[in-house]
Amino acid sequence: PHNNDVLCGRGGTINAHPGNEQYRKFVERKKRVYLTARFKREKRLIASSIVDEVRNLDPAGRFLTKDPHSDTWYDVGDEKARDKTSQALRENALSVRKQMEEEFQETRRQQAREVAIAAGRDPDEAVKNMMSAVTNIGKAEKNKNHGVKKGPNAAAGMVVIPPGQPGHPRPGMMRQQQPQHAPSAGS
């Protein structure tokens, strides 16, 4: 293996290989784009672009694994290289997404401050109001399907009416929706 090769496997020796260190930098550079991609095809293209980047180095990088019987290295091919890369792009996804959300919220706070200052208002009050609105939107999203009963009673027309909503009999009670029948011919 040379310095542009990516070694597949586990262990400190493999992690410390110069090709693997370089590969991790390629992955980190595209991780945020990968995590915000909405479609599998987009994600596959991002992973493939990293594989291509490694393979287009000079000298060309390979994705190698060691044959345990012959103790020789061989190229795993593009599909396994892409699978390895997709897995690497998903590592620490939760913490990366959390960091992205915190950065987004900080940008929003800064924008709210700037707009408030330009309008001659208190910037701290503007941030407080913005955060309150974000919290309320989050609660509304979380509760938007609250009134629909899902599960075995759904077919029976059971619905949960949230407390304080019109038609709520008592807290925690369900009521049976009356089926809508067409008038019979003799009526």
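Trainee: Which residues of helix α3 are buried?

Mentor: This is a predicted model, in which local features need pLDDT of at least 70 and side-chain atom pairs count only at pLDDT 80 or more, while totals for chains, interfaces and linings use all residues. Residues are numbered from 1 along each chain as its sequence is written, and side-chain values use heavy atoms, with hydrogens and water left out. Taking buried as under 20% relative accessible area, exposed as over 50% and partly exposed as in between (1.4 Å probe, protein chains only), and helices as DSSP runs of H or I with at least four residues, strands as runs of E with at least two, both numbered from the N terminus, the buried residues of α3 are Ile46, Ala47, Ser48, Ile50, Val51, Val54 and Arg55.

Trainee: What covers the buried residues of α3?

Mentor: Helix α3 spans residues 40-55, and the elements that cover its buried residues include both strands and helices. Among them are β1 (6-7), α2 (18-36), β2 (63-66), β3 (73-75) and α4 (78-90).

Trainee: How far does α3 reach from its first C-alpha to its last?

Mentor: The expected span of a helix is 1.5 Å times one less than its number of residues, and α3 has 16 residues. The reach of α3 is close to that expectation, at 22 Å.

Trainee: Which residue does the side chain of Arg55 join through a polar contact of 2.9 Å?

Mentor: Arg55 also lies in helix α3, and, leaving aside its neighbours within four places in sequence, it is in contact (heavy atoms within 4.5 Å) with residues including Arg62, Phe63 and Ala81. A polar contact is a pair of N or O atoms within 3.5 Å, where within protein one must be able to donate a hydrogen and the other to accept it, and residues adjacent in sequence count only if both atoms are side-chain atoms. For Arg55, the side chain at the other end of the 2.9 Å pair is that of Asp75.

Trainee: What is the length of the polar contact between the side chains of Arg62 and Asp5?

Mentor: Arg62 is placed in the loop between α3 and β2, and its relative accessible area of 32% makes it partly exposed. Arg62 and Asp5 are 57 residues apart in sequence, yet their C-alpha atoms are 4.7 Å apart in space. The polar contact that joins their side chains is 2.6 Å.

Trainee: What is the relative accessible area of Asn92, which has a positive phi?

Mentor: Asn92 takes a phi of about 60° although it is not a glycine, and it lies in the loop between α4 and α5. Another residue other than glycine with a positive phi, near 60°, is Asp71, found in the loop between β2 and β3 and counted as exposed at 52% relative accessibility. Asn92 is likewise exposed, with a relative accessible area of 56%.

Trainee: Which element supplies the largest share of the lining of the largest pocket?

Mentor: On a 1 Å grid over the protein atoms alone, a pocket is an open set of points where a 1.4 Å probe fits, with protein on both sides within 12 Å along at least five of seven lines, and lining residues have an atom within 4 Å of a point. The largest pocket is lined by 14 residues, of which Asn15, Arg24, Lys84, Ala88 and Glu91 lie nearest its centre. While α1 (12-15), α2 and α4 each supply at least two lining residues, the largest share, 6 residues, comes from α2.

Trainee: How many residues of α5 are there, and what is its reach from first C-alpha to last?

Mentor: Helix α5 covers residues 93-118, and its buried residues are Ala93, Val96, Met100, Gln105, Ala112 and Ala116. Just after α5, Gly120 takes a positive phi of about 75°. Helix α5 has 26 residues and a reach, close to the expected 38 Å, of 37 Å.
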